[in-house]
Amino acid sequence: MGLLDSLVGAATNAAFGGQQNNPPAQGSPGGLDPQLLIGLIGMLMNNAGGLSGILSKLQQAGLGDAAASWVGTGANQPVSPDALGSALGPDLMDMIARQLGGNQQQAAGTMADLLPGLIDQLTPQGQVPPDNGLDALGALLGGGQRGGNGGLDAGDLMGMLGGLMGRR
């Protein structure tokens, strides 16, 4: 199973798990639209200051041990949706909730399932890469190397999407 399939499964489970009357969205094996997921990851990376910004927010909120486990090469420690939502802050959680079409509690559950595996995949050597994880994100999602503009932009995201759709 590839990274995207894992992320889609985790996000779908968190967003829709146990809600029989709320069917998942169409478009992927896990039910969550891959384009939505890619947009969510790109938005998170841009608005949180990249991988190092996300890790800094987690550390400041007392989730440093869990975040360090995601970066390290051992097992990933879980975090509660409430703790993660508090760490990322209400503004970012509101953006994520709008992207997912749910509320902040659902968004926090999705991110608590999604973020440990994503950060683990973006830090395969046990440390944050110099490019803040953007090249690894592009490669994992199928877009290859990122341009040298210092941030993830719409072109980078479209490249990731193009690479993803070419592999599926």
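Trainee: At what angle do α6 and α7 pack, and how far apart are their axes?

Mentor: This is a predicted model, in which local features need pLDDT of at least 70, side-chain atom pairs count only at pLDDT 80 or more, and totals for chains, interfaces and linings use all residues. Residues are numbered from 1 along each chain as its sequence is written, and side-chain values use heavy atoms, with hydrogens and water left out. Axes are lines fitted to C-alpha atoms, for helices over the stretch in contact, and angles run from 0 to 180 degrees between N-to-C directions. Here α6 and α7 pack at about 90 degrees, their axes being 8 Å apart. α6 is therefore roughly perpendicular to α7 (65 to 115 degrees).

Trainee: Which residues of α6 and α7 meet?

Mentor: Contact means heavy atoms within 4.5 Å. From α6, P90, M93, D94, I96, A97 and L100 meet Q104, A107, A108, T110 and M111 of α7.

Trainee: Which residues touch the most other members of the largest nonpolar core?

Mentor: Such a core is a set of buried Ala, Val, Leu, Ile, Met, Phe, Trp, Tyr and Cys residues joined through side-chain atoms within 4.5 Å; buried means under 20% relative accessible area (1.4 Å probe, protein chains only). Among its 36 residues, L58, I96 and L115 touch the most other members. α7 contributes the most, with nine residues. Leaving aside residues up to four places away in sequence, L115 touches L44, I54, W70 and L84.

Note on methods:
Buried < 20%, exposed > 50% of the residue type's maximum accessible area, 1.4 Å probe, protein only. Helix = DSSP H or I, 4+ residues; strand = E, 2+ residues; numbered from the N terminus. Parallel < 35°, antiparallel > 145°, perpendicular 65-115°, else oblique.
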